Amino acid sequence: MGFGGKKRIGRPRERTPSPRPRRRFKAKSQQKVKRKKKTRDLEELKKEVVMDDHKLSLEELSAKYSVDLKTGHSPEKAKEILLRDGPNTLTPPATTPEWVKFCKQMFGGFSLLLWTGAILCFLAYGIQLYSKQEPPKDNLYLGIVLSIVVIITGCFSYYQEAKSSKIMESFKNMVPQQALVIRGGEKMQINVQDVVVGDLVEVKGGDRIPADLRLISSQGCKVDNSSLTGESEPQSRSPEFTHENPLETRNICFFSTNCVEGTALGVAIATGDATVMGRIASLTSGLVVGKTPIATEIEHFIHLITMVAVFLGVTFFGLSLLLGYDWLEAVIFLIGIIVANVPEGLLATVTVCLTLTAKRMARKNCLVKNLEAVETLGSTSTICSDKTGTLTQNRMTVAHLWFDKNVHEADTSERQSGDTFAKDSDTWFILAQIAGLCNRADFKAHQETLPIAQRETTGDASESALLKFIEQSYSSVKEMREKNPKVAEIPFNSTNKYQLSIHLREDSSQGHVLLMKGAPERILELCSTFFLNGQEYPMDDEMKTSFQKAYLELGGMGERVLGFCFCNLPSSFSKGYQFNTDEINFPMDNLCFVGLISMIDPPRAAVPHAVSKCRSAGIKVIMVTGDHPITAKAIAKGVGIISEGSETVEDIAARLNIPASQVDIRNVTAIVVHGSELKNLNSEQLDEILRKHTEIVFARTSPQQKLIIVEGCQRLGAIVAVTGDGVNDSPALKKADIGIAMGITGSDVSKQAADMILLDDNFASIVTGVEEGRLIFDNLKKSIAYTLTSNIPEITPFLLFIILSIPLPLGTITILCIDLGTDMVPAISLAYEAAESDIMKRHPRDPKTDNLVNHRLIGMAYGQIGMIQALAGFFTYFVILAENGFKPFDLLGIRLNWDNRFLNDLEDSYGQQWTFEQRKVVEFTCQTAFFVSIVIVQWADLIICKTRRNSVFQQGMKNKVLIFGILEETLLAAFLSYTPGMDLALRMYPLKLAWWFCALPYSILIFAYDEIRKFIIRKHPGGWLEKETYY
Amino acid sequence: MRRSPSTRAWPSGSSSSTTRPPESSWGAPPRAGQMDHSFEMGLPLILQQDRSVWWGVMLPEGLILLFYLVFYGFLAALFTFTMWVMLQTLNDEVPKYRDQIPSPAYSVEEQNNLRACPDGVLFEQKGPVYAACQFPLALLQECNGIDDPDFGYSKGKPCILVKMNRIIGLKPEGDPRIECVPKDKNIATVETYPNLGVIDLKYFPYYGKKLHVGYLQPLVAVQVVFGSNNTRNEVTVECKIDGSPNLKNENDRDKFLGRVVFKITARA
């Protein structure tokens, strides 16, 4: 990893005699300066880890921590340090209290709009109460209903998110951990949280490292640092100082990584939040995350709606004053108009739509923690993906074999079938024998039923890969080992770079065979002959050249290459000979070279397809990994992150045989950036790299660098998704617009930091997520267009009531019946609408210009379709009044008389006289009919909202929920109109059948108009109509 | 909602012309007396600039206005057309539905009359000319307003006229009459004219404003007579229709359907 190559020698540590920074004290004593300090700490945390404990000798170490390296701390001293430093646990990220979360749901974004509406209603009612004798209760009811809607929706989304976090809880490993420490010369088991700095800690295979340890002694200790680095390859640990970089040196073990095998004794050099892991965790929890794109969109939408509402309200406030209403009345009108613009049902609709998508995504293995994040993936324009475990299978697998001077390819897919190369060669037989026998890995017991590829093994990754490969494509290794018992062995070590074993031969010759595998160049040195098609030939230059070629070829593919050779020991070493591996008493040169086997952690099968889908969807996929550049590049090429034709500067330089500095960098789109280079870049240079290249791989990156890369992408305006599984990924996960953690291999910290969890760890699921995210964005548009449209037929009655002084055509109750009743299911049903075209073929939306709700949508909904709908309603209204005796022109200006409770002989156009109650019944019948008319024109609106460009005839009516929605709203309307008692409950009256059809011509008009509009848009893509009306 | 292009283009153009020295913009050496000229020369340049902005922004802006103009024009035409069609279906004489007012209400009024008709039977007519039946004022006796132009108000015996709301085609059955009862008989007594508050059937049915010119509905006068020795001279009187099975006088919601309640206060 690229941690601190530049030496910043122990800067924070040296000033403090205590190894722990004094942060904890300060946090306790100086609460006031905490805030300012926090931001500074965050900057500090973004820097690379600095420590020097790995460079100290044991004596220095003992002095530094004032501890005896034999007996450890005395229990009293340990207690003292524990009191001073606090328990050895990570401070849990400051979780938002439940009530804050609840309030966020209650008062965030959209809810605020509704609350404002409700408060205005109560205000209006207050004014009426104050100014009138018997005020109509409409405003009171409306205020109450609005509040209820917000509260219910708030509770609903709170419940939804609480449910997701419940699933999170279940990931947590609650088992208390124990640590073995030496205190006062005695070994004792204590809880991990009681471990203090300077404690002598003993770890063994299977343990979790309880603190950052500087090793004093070890026996074959190997650790799995995957939770820190993301690379699961076990690394050996010993007391020697091997590298400047504390993360690379052998003598440090890190808190919360795992000891895989062996034992070790070390001094705890940091505990709790001061550990490397703790720093990353604090960095993660300290990051401030921005708004989700959908929240921004909803904010924008609220702005638009508010503008329209205030504009209408103020206009009609002025108008009503001009018309001679007194100002108190005008204020009531103002409030009424503003409130009427609030789409009461939309909050619920949006929440339900997002929830439905979240559920659908969960079924496709994308668990979304935050409802709003559902859409974020759809807006994503850059994905920064971790390599190991996300793009790859996180399992070493044999990829290639080289024997008989030919490269053979092995099957690396998840379900290995094996039979992919010629196995009739004798060389293959020998190679398989060596790979199977000279191998310390073994299958764990009781896994016979599992496919070989999925069985668990003991031993390191390469040996396990060989074991599985041989088991799969040759024969049972167990039988092989039984037939050829091992008599001697030299295990692999880093100085020898080979592994040797001697076996009794299977045939009756009683002889032994020496098998060896190891670093290819080392193996070749020991060989004097080579094996070709079952014959031994003396080693020649030709063979050496072709070996070099093959070695380079396989190595260049990022694969780990092992060489294999054998030697039939002469008869003097027949059965019974005592082989001594310490003082070698058998020949170990003039061996016979057989071939090479190379291994790689292969990409998941579905990844290349997923990457290419992301590509065609205009999403840039960047690989950010802690692994070596060559491997990273090979995998990047394998999965298509670096596409087939692309070359990096180094590739071109190699091809043209010129130095890299001479390559014309203008046409280079691919680049592999090493962590150490990245460290020296300033943010402009990083931006330049990110801007200029479409195919980028970052290798050997530290957690801090991952964060910097994400911030760089965001600076360029991209909406960034980050995938990762390790703790090292968590700062980036948190900072990303959407962090995606791995559900199976992911660490708890990464899951906490993420917004979404891939339950199957499969990168391909992200594509599904993108697809769903884009679909819901489109469908939300449609849903909002549908819901907003009916706002116009809801507002205009009130406006005309004011201006023309006609009986009120649509009352508050009926408006609520539409917004919260009939419009709900149809609006939600649009969430089930299928995509109009291949949404994965278009580019991600530009968050600046491509808004959820834009003026075109408002124009369509309010200016065009809404107006037609209003006419439909008014037509029905005038028909009913006319047919009952009040002709349209006689209605103008009738309002004061009409609403006069004490005028009981109001004359109609035919000379008949009406009591107050009688005309009110007619008025409410009209309102019911107006309501029914809106339902009928909303049929057409729903059908036209299904598509934005295509004709309904192209799209079809396959959305069953939508058809149900149409039926539901119609039945609900009929129910409200005809149920006995509704006249008392909601003042809705039964309608004559003919009145249902008044709105039908307008419904047909809406449909025809929009089909024509869309037809023209399709015929003239990019034309004027599209620019003005395509939302 | 969009910014007007003219407000955006003009000020920027003109301000740049005033702040920029004309010499430098033309690259010509400054000469006396050329200030005005160059300013004038500058103007067309600004106009030119503006026109490009104008056409760039105004064109779609103008088009969208035109679009909405045409669109709303079309909608207005369509609406007018459908309204016209609807009005054509209406009968000029009788409203299509009369089920919203099955029963008349009662209220208080004065009146005026026309022609004598046979008493006690419905006066059904076939047209084309419909006559209205005379209601002789004499029927109202003390409340006819002829003998006492003050309708008894000056004597502490106020007359209230109660009438039925006009409803086209209403044919009362039985012997409809208006019965008025004071809440407290000790305070006041109530007289109704014509006697017993009878409503003669000859005034029914009504054929509508257009056909039945001059029609007015029959009246019943209610005279409240306060007891002379009373100190409290306030009484609530309830009148309701009676004697006709198809005229309702009870409705929870409509307090004026088939009845009327009024309160009379007299001050000495």
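Which residue in strand 16 of chain A is the bridge partner of Tyr498(A)? Select Tyr498(A) and look across: the partner is Gly518(A). Before we go on, a quick word about what is on your screen: this is a predicted model, where local features need pLDDT of at least 70, side-chain atom pairs count only at pLDDT 80 or more, and totals for chains, interfaces and linings use all residues. Residues are numbered from 1 along each chain as its sequence is written, chains are lettered from A and ligands numbered from 1 in the order in which they are written, and side-chain values use heavy atoms, with hydrogens and water left out.

**Stop 1: strand 15 of chain A**

Select residues 498–504, which make up strand 15 of chain A. (Strands are DSSP runs of E, at least two residues, and helices are runs of H or I, at least four residues, numbered from the N terminus.) Seven of its seven residues are buried, where buried means under 20% relative accessible area, exposed means over 50%, and partly exposed is in between, using a 1.4 Å probe and protein chains only. Now show the side chains: Tyr498(A), Leu500(A), Ile502(A) and Leu504(A) point one way, while Gln499(A), Ser501(A) and His503(A) point the other.

**Stop 2**

Next, click on Phe763(A) and Phe931(A). Of the 215 residues in the largest nonpolar core, these two touch the most other members. (A nonpolar core is a set of buried Ala, Val, Leu, Ile, Met, Phe, Trp, Tyr and Cys residues joined through side-chain atoms within 4.5 Å.) Colour helix 32 (residues 855–883) of chain A too, as this helix gives the most to this core, with 18 residues.

What is Phe931(A) in contact with, leaving aside its neighbours within four places in sequence? The list includes Leu810(A), Cys817(A), Ala973(A) and Met988(A), with contact meaning heavy atoms within 4.5 Å. Apart from this core lies another, of 33 residues, among them Ile430(A) and Phe469(A).

**Stop 3: out to the surface**

Switch to a surface view and select Phe122(A), Tyr141(A), Ile144(A), Ile148(A) and Ile152(A), which make a nonpolar surface patch of about 470 Å². Helix 8 (residues 138–171) of chain A gives the most to the patch, with four residues. Tyr141(A) is in that helix, and it counts as partly exposed because its relative accessibility is 45%.

**Stop 4**

Most residues other than glycine have a negative phi, and most peptide bonds are trans. A cis peptide bond joins Tyr193(B) and Pro194(B), with omega about -5°. Pro205(B) is also in the loop between strand 4 and strand 5, and the bond from Phe204(B) to Pro205(B) is cis, with omega near -10°.

Leu196(B), found in the loop between these strands as well, has a positive phi of about 65°. Leu196(B) counts as exposed because its relative accessibility is 61%.

Last, hop back to chain A and select Asn533(A), in the loop between strand 17 (527–532) and strand 18 (535–538). Its phi is near 50°, a positive value.

Methods: Two strands pair if DSSP finds at least two bridges between them. Patches are made of residues with over 30% relative accessible area and no salt bridge: like charges are joined within 9 Å, nonpolar side chains (Val, Leu, Ile, Met, Phe, Trp, Tyr) within 5 Å. Accessible areas come from the Shrake-Rupley method with a 1.4 Å probe; for residues, only the protein chains shown count as cover. A salt bridge is a side-chain nitrogen of Lys or Arg within 4 Å of a carboxyl oxygen of Asp or Glu.
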